[in-house]
Amino acid sequence: MLLKKSPNSSGPVLRRIGVTGGIGSGKSHVCRLIEKAGFPVFYCDDEAKSIIRTDPEVCQALRRLVGEEVYAADGTLVKPVLARYICQGKEAAKQVDAVVHPPVRDAFLRWCAAREGRLVFMECALLFEAGFDCFVDAVALVSAPQELRVRRVMERDGVSREKVQEWMALQMSEEEKARRSDFIIENNGGSSLQEQLKSLFGFKIF
C-alpha cells in the first residue's frame with residue numbers, strides 16, 4: 001500500500017472520497033468492505049445503468065446517437081447494441097459518456113446533499129475520464145497487476161483475453177490514474193485490504 005497524502009494531516013477534512021481502478025482491479029470488492037464498516041457508497045456504474053434504462057432524455061439521446069435498435073420495442077435496453085457501439089473506440093465511448101455522465105453527476109450531488117457531514121465514498125471506474133474527481137476531496141486508486149486483472153475479468157465474465165484487453169484499452173492507463181490519485185490500495189491478493197483501509201481512513205472492518 002502507498003499512502004500519498006495522509007488523511008490525518010492538517011488540512012481540509014475529507015468528506016467525499018472517490019474510489020477508482022481499472023477493470024478487474026477489485027474496486028467494487030473494496031467498496032463492499034467500506035460499506036461493511038458502515039460508510040455509504042455511491043456506485044456510479046449502477047446509477048448509470050438505471051439512468052440508461054429509465055431516464056427519458058437519456059433514452060432519446062442514445063437513440064439519436066446509437067440508433068433506434070439500442071432499445072427494444074418494449075423500451076428495454078439492448079445491451080449488446082450499446083456495447084458494440086462503445087467498443088468502436090474511445091471516441092464512441094466518449095460520445096456515450098457525454099450523454100450519461102451529467103445525470104450521474106447530478107444524482108451523486110443530490111445523494112451527497114442528503115448525507116451532509118458524513119464521510120461518503122463514490123465508486124467510479126471512469127472517475128478521471130468523467131471529471132468526477134472535481135466532486136470529491138480525495139481519490140483512492142485500487143490497483144492490481146495487469147495480468148491478475150485480466151485473469152479476474154476472464155473468469156468473471158467468461159470472455160477471451162483479447163476482449164478484456166480491448167476493454168482495458170478504452171480506459172485511462174494505470175500509471176496515469178496512480179499519478180492523479182491521493183491514495184493507492186494494493187489488491188494483489190497478498191496485501192490485507194482491511195489493514196490498508198484501517199491505515200488509510202482510520203476505521204476497522206469487523
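Guide: An axis is a line fitted to C-alpha atoms, for helices over the stretch in contact, and angles run from 0 to 180 degrees between N-to-C directions. Helices (H or I, at least four residues) and strands (E, at least two) are DSSP runs, numbered from the N terminus. The model is predicted, so local features need pLDDT of at least 70 and side-chain atom pairs count only at pLDDT 80 or more, while totals for chains, interfaces and linings use all residues. Residues are numbered from 1 along each chain as its sequence is written, and side-chain values use heavy atoms, with hydrogens and water left out.

Visitor: How do I read a pair of packed helices?

Guide: Two packed helices are described by the angle between their axes and the distance between the axes. Take helix 6 (residues 146–157) and helix 7 (residues 161–169). Their axes come within 9 Å and cross at roughly 115 degrees.

Visitor: Is the crossing of helix 6 and helix 7 left-handed or right-handed?

Guide: Right-handed. The rule: a crossing is left-handed if the near helix is turned anticlockwise from the far one by less than a right angle, and right-handed if clockwise.

Visitor: Which residues of helix 6 and helix 7 meet?

Guide: Contact means heavy atoms within 4.5 Å. Helix 6 brings Q146, E147, R149, V150, V153, M154 and D157, and helix 7 brings R161, V164, W167 and M168. By class, six of the residues in this contact are nonpolar, one is polar and four are charged. Ala, Val, Leu, Ile, Met, Phe, Trp, Tyr, Cys and Pro count as nonpolar, Asp, Glu, Lys and Arg as charged, and the others, Gly among them, as polar.

Visitor: What else can be said about M154?

Guide: M154 has a relative accessible area of 27%, which makes it partly exposed. Buried means under 20% relative accessible area, exposed over 50%, and partly exposed in between (1.4 Å probe, protein chains only). Leaving aside neighbours within four places in sequence, M154 touches V159, S160, R161 and V164. Now look along the chain. M154 and G24 are 130 residues apart in sequence, and their C-alpha atoms are 9.1 Å apart.

Visitor: At what angle do helix 1 and helix 9 cross?

Guide: Roughly 60 degrees, with the axes of helix 1 (residues 27–36) and helix 9 (residues 193–201) coming within 11 Å. This crossing is right-handed. H29, V30, L33 and I34 of helix 1 touch L193, Q194 and L197 of helix 9. That contact has five nonpolar, two polar and no charged residues.

Visitor: Which residues are buried in helix 3?

Guide: V58, C59, A61, L62 and V66. They line one face of helix 3, because they fall within an arc of 165 degrees seen down its axis. P56, E57 and R64 are exposed on the other side. The buried residues of helix 3 pack against helix 2, helix 4 and helix 5.

Visitor: Is T20 buried or exposed?

Guide: T20 is buried, with a relative accessible area of 0%. It lies in strand 2 (residues 16–20). Beyond four places in sequence, its contacts are K27, C124, A125, L127, F128, V139, A140, L141 and V142. Compare S143 in strand 5 (residues 138–143). S143 counts as buried at 12% relative accessibility. Beyond four places in sequence, S143 contacts E174, I184, I185, E186, N187 and N188.

Visitor: Where is confidence lowest in the protein chain?

Guide: In strand 1 (residues 2–3), at a mean of 38, while strand 3 (residues 41–43) is highest, at 97. These are pLDDT values, the predictor's confidence in each residue, from 0 to 100. Over residues 1–12, pLDDT stays under 50, and the model has 21 contacts for them beyond four places in sequence. The chain averages 87, and 91% of the residues score at least 70.

Technical notes:
Arc of directions from axis to C-beta.
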